[in-house]
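Thanks for coming, everyone. Have a look at the structure on the screen, and I'll talk you through a few spots in it.

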Amino acid sequence: SIRTGPAGVDPATLDETAARHGYRTALTWTADAEDGSFDAVFALGDDTPPGPLCRPGRTRPHANRPAPFRNVTALMAVLRAHAAEFLPAYMVPAALVPLDRLPVTPSGKLDAAALPVPDYGLLSSGRAPRTERERLLCDLYARALRVPSVTVDDDFFALGGDSIVAIHLLVLARRAGLELTPRDVFRHRTVAELATVARTADSAGESAEAPWQTPTDAELAALRGEDPLTVAEVLPLGPLQEGFYFHALVDGAEHDAYVVQQAIDLAGPVDGGQLRRAAQRLLDRHAPLRACFRQLPDGRPVQLVATGLDLPWREVDLSAADVRAGLAEAVAADERAHRFDLARPPLLRLALVRLGEDHSRLLLTFHHIIADGWSLPVLHRELLALYGERPAELPQVAPYRDHLARIARADREAARQAWRAALAGIDEPTRLAGNPAAGPIEPAQIRVELPERTTARLTARARAHGVTLGTVVQAAWGLLLAGLTGRQDVVFGTTVSGRDAAVDGIESMIGLFINTLPTRLSWTPADTLGAVLERLQGEQSALMDHQHLGLAEIQRAAGHAGDGELFDTLVVFENYPAEPGLTDPTGAVRLTGHAFHDAVHYPLALIVKPGRRLDLRLKHHADRIPGDAVRTVADRLVLVLTALADDTALPVAALDLLTPAERAAAHTEGERRPVPPVTLPAAISAQSARAPGATAVVYGDTALTYAQLDARAEALARRLRAAGAGPEKFVAIAVPRSAELMVALLGVLKSGAAYLPVDLDYPADRIAYMLADSGARTVVTTAHDAVRLPEGHGLEILHVEEDGQADETGTGVATPLTDDRPAPLTPDHPAYLIYTSGSTGRPKGVVVTHRAVGNRLSWMQGAYGLTPEDRVLQKTPASFDVSVWEFFWPLCQGAAVVLAAPDGHRDPGYLARLIAAEGVTTTHFVPSMLEAFLASDEVTADPAWAARLRRVFSSGEALPGRTAARWRELTGVPLHNLYGPTEAAVDVTHHAYDGAPGTTVPIGRPVWNTGLRVLDTCLRPVPDGTPGELYLTGVQLARGYHRRPALTADRFVADPDAATPGARMYRTGDLVRRRPDGSLDYLGRTDRQVKLRGNRIELGEIEAVLTAHPAVARGAVVVRDQHLVAYAVPAAGAVADPAAL
């Protein structure tokens, strides 16, 4: 390392010299030197690392990073960005001036008088204007942005531009003879770019003829009715006026959310009469303030601009009151409580409240349909200008009709096409409020202010990316909505100013110009926050020429007519121009403050006001979204905004919406309980030894004791082992429900093998596939059913009824012979292989171990306490995993298994009779079967059949709340809702139905030694109440999919939060939502898998089978009214016969 400081040494020259001699150079300015010294580290060749750079012993990085800052202008720009990142906006220097040294006085103090005048051109490295048009635009940029000078390469948004400044720029450009649109400014952000698209304004202007049909005399008479109204003109409604008018008609005046009020504080000796006359002059000046709204005979609404109206006015003197603040608020509330009749002008009124000798408050109450937020500063300015004996002369107001004419002449078809393209692919609304509106609105508000430093950093990030601060807030809201809804494509409402600079004088007009538009935000996990910002602004700028359509028309154009509103949240960025320090012409009366009171139509609206501290107000309907939920939304919004302020290079996938406390509670874990490491046959054999004479199996007139069952199963196991069965092998069981089925199941398990249930009612092709894919070489069946097995697979067939050496005396277990297993059976060996539906057209086999099943059965015993006196009804087909606990839970606890007839599970009357006759205490219903069961007259006529039932379980589908309530009302027997996939040993959650209202019954909390993760598409934990995909962890996870390593790797993924290396999570594909108490609600599937009457079905598997038919080119399958419906497109030249298909 060398240090050099002689004057005139150029770091770049040193770098070039070193390169000629084969050295690489690392250069950095010496951080603690005052003479321009720099450090250099040389490394020989490209393969030699230079080692750590010399750094001073300080915590901050070097102030001047290396050689590129030979360009002083570049250094100044970087320093400005650095200051903007760490200082509030108002503290960032307007200019940065490079000096060799600071001038000092003889005493060593800074000589401020000797500092040079700033050259504002150093703020930019841009070029000077070259053409007359560029010089004009540079001047307009500087005036609009309020900076001394601008170059042709300066970015409008990097210098602090936004949509409001853009309007000011467009107004200035129009006055200078140039025609530009807001879209031009947003897409061509520098003078150099904008000069290429600026057009000379058309001096001819537009036709003075109104582009709408004026009412006939008869229609005008009908509009007036009996009201002696003097009508100056009849105008159409603006886009948002149409929406307000519609809601006024639908909701009624008593529920009108658009009565708003502004309280204006005035200091000084206010003369009530003079102020009233000023307000009357204001009313007479502005046509929109004199408008009312009525319908033509054909139903079309219009606005009538009346003349000769008296302004409603009252004065309240509270100057002598002891509790002025409370009484003043009561007056304001009284003003707001009086609703407006939109047909009766004027739709505003004023009340002057005197609070002291030099303190008054003017309450301006009006209907939003006549004025927007931008209008209020105009109103303030003109009201005070018109106050007094000698009011100021004000310029003539531009007609409101010019604005409406501009909208009427716009290309509506082009706008429809633009919005159709912008909203293409949206298949559902984005809504946060679940319950519909009912009754009057209960407005409430939560307010949050960002710290100055965060606000400053957000502003700096916006400028760095060439976007507005409003875009940053909208992106934050969109990302928050995405996190709260679990979606990567969301829509919310935003307001635009609607003030087209092509209309002369529009910036000084009072009226309703704003419009509410849908804003769409989509993202992928790999997107950076900065990329989201830039894409959002680009997409919005593309729509700027089409902001004149009303929301209803936009939804119709996008194909969402009749679907309700596309969104239920709104973002309003209040950035309209305002003048501080307003006074009347004499300066005696001053405007010292104002407060706005309104309610919003949408359940939740974010109102944003820029300033040193970004002001965030979340207005909500308390009856639809409670205050604590909105407070949580506000907290999460601050997290997103802080992340944007900190680092826009952060990928969206890394954005965290959880507080530390929520993150700690995000992974719901079941109770940690030790479970004995035993296999199923060992547990059942132990029970047989304890009570060999107890009844184990009941099927019709057949009953087997534990000893008999054990003996017959052991005999079968010997035959199976002789045929090669053992651990890690699979034996198929093709036995209908019967006592022989129980023998076959236990016999296979005793052999050490895992059983593969085969339903002989399945198509032969499916059975053949399962047998071939499993690798099973042996099938246990009956002599009667063997003929139903597919031929030609080289399988060894064993008949279960040929028991061999079984001891059926009932006095003891089978005589134990020498253990002929090839290897001992352990809890980590497979217990069963069950095939479920597969999306590719091939069923997939799930391998579950004894350890997983053992945990599931141990939890069930701990939770529900089965006893030897219990009888469990077994009615689920063995090919479905619910059957596993029906078979083995009672056998592990000394209870009896009562088997239904093979087709009896479909007959409600038979089941009720069987439950009563056999004294069944425990049973299970798939929810759809429970509904069918409860619809049977034989079941509901007399519930005496349920007299001995102690517990009923339901799983396999979402359990409707009405079904659970009906069961409880009929029987009073406790009903437990269970949930779990085949890939996690049957069930992983449980919830006891408690009668709580709800569309569906929660699936509840985790079982022992099982974890639940509710994650989004980026594997981030989602907040409570937010939909997310359910991931499972713990001992009950299956090994995976048999002979499907790619599918196993896709669904059984690494657990990033596990303490144990190699731990996995199972991705269920189920959409759930966590309640505040930690229990889960089931919401549906994230893929195309469905559950129908308890059967898990991949629609893709059915489609694959359909399209395999030579007569079908394409197929689609959906579920309608609890039935599978297939749609087939015939192949060329073929005729598809629905019956044959």
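Okay, let's start with helix α25, residues 882–893. It has 12 residues, so at 1.5 Å a residue you'd expect a span of 16 Å, and the end C-alpha atoms are 18 Å apart, which agrees. Keep in mind that this is a predicted model.

Reading along, the buried ones are Val882, Ser883, Val884, Trp885, Glu886, Phe887, Phe888, Trp889, Pro890, Leu891 and Cys892.

Let's move on along the chain. Threonine 921 sits in the loop between α26, residues 908–918, and β31, residues 922–925. Buried or exposed, this threonine 921? Buried: its relative accessibility is 4%, and the cut-off for buried is under 20%. Leaving out neighbours within four places in sequence, threonine 921 is in contact with Asp870, Arg871, Arg948, Leu949, Arg950 and Arg951.

Next up is helix α27, residues 927–934, where Pro927, Ser928, Leu930, Phe933 and Leu934 are buried. What do those buried residues of α27 pack against? Quite a list: α26, β31, α28 (937–940), β32 (951–954), α29 (961–971) and β33 (975–979).

For contrast, here's a residue on the outside. Valine 1105 is in helix α31, residues 1099–1107. With a relative accessible area of 55%, valine 1105 counts as exposed, since the cut-off is over 50%. If you follow the chain for 10 residues, from valine 1105 to glycine 1115, the two C-alpha atoms are separated by 9.2 Å.

Now for the cores. The largest nonpolar core has 101 residues, and the members that touch the most others are Phe156, Leu275, Phe293, Leu348, Leu362 and Ile370. Helix α4, residues 163–175, gives this core its largest share, with nine residues. Apart from that one lies another core, of 77 residues, including Leu716, Ala831, Met860 and Leu1012.

Let me zoom in on leucine 348. Setting aside neighbours within four places in sequence, leucine 348 is in contact with Leu283, Leu289, Leu311, Pro312, Phe340, Leu364, Thr365, Phe366 and Ile370.

Leucine 348 also takes us to the holes, as one of the residues that line the second largest cavity. That cavity holds about 70 Å³ of space. Its lining is Ala279, Leu282, Leu283, Leu289, Leu311, Leu348, Leu350, Leu362, Leu364, Leu379 and Leu383. Two or more of the lining residues come from each of α9 (272–285), β11 (348–356), β12 (359–367) and α11 (375–385). The largest share, three residues, is from α9. By class, that lining is 11 nonpolar, with no polar and no charged residues.

And what is the volume of the largest cavity? About 120 Å³. It is lined by 14 residues, and Gly483, Leu655, Leu657, Asp1016 and Arg1020 lie nearest its centre. Here the lining divides into 10 nonpolar, one polar and three charged. Across the whole structure, the search turns up seven cavities of 30 Å³ or more.

That's my tour, so over to you for questions.

Terms used: Residues numbered from 1 in each chain as written. Predicted model: local features only at pLDDT ≥ 70, side-chain atom pairs only at ≥ 80, totals over all residues. Heavy atoms only, no water. Core = buried A, V, L, I, M, F, W, Y, C linked by side-chain atoms within 4.5 Å. Buried < 20%, exposed > 50% of the residue type's maximum accessible area, 1.4 Å probe, protein only. Helix = DSSP H or I, 4+ residues; strand = E, 2+ residues; numbered from the N terminus. Contact = heavy atoms within 4.5 Å. 1 Å grid on protein atoms, 1.4 Å probe; cavity = no way out; pocket = protein on both sides within 12 Å on 5 of 7 lines; lining within 4 Å. Points joined across faces, edges and corners; volume = space filled by probe spheres on them. Nonpolar A, V, L, I, M, F, W, Y, C, P; charged D, E, K, R; others polar. Expected span 1.5 Å × (residues − 1).
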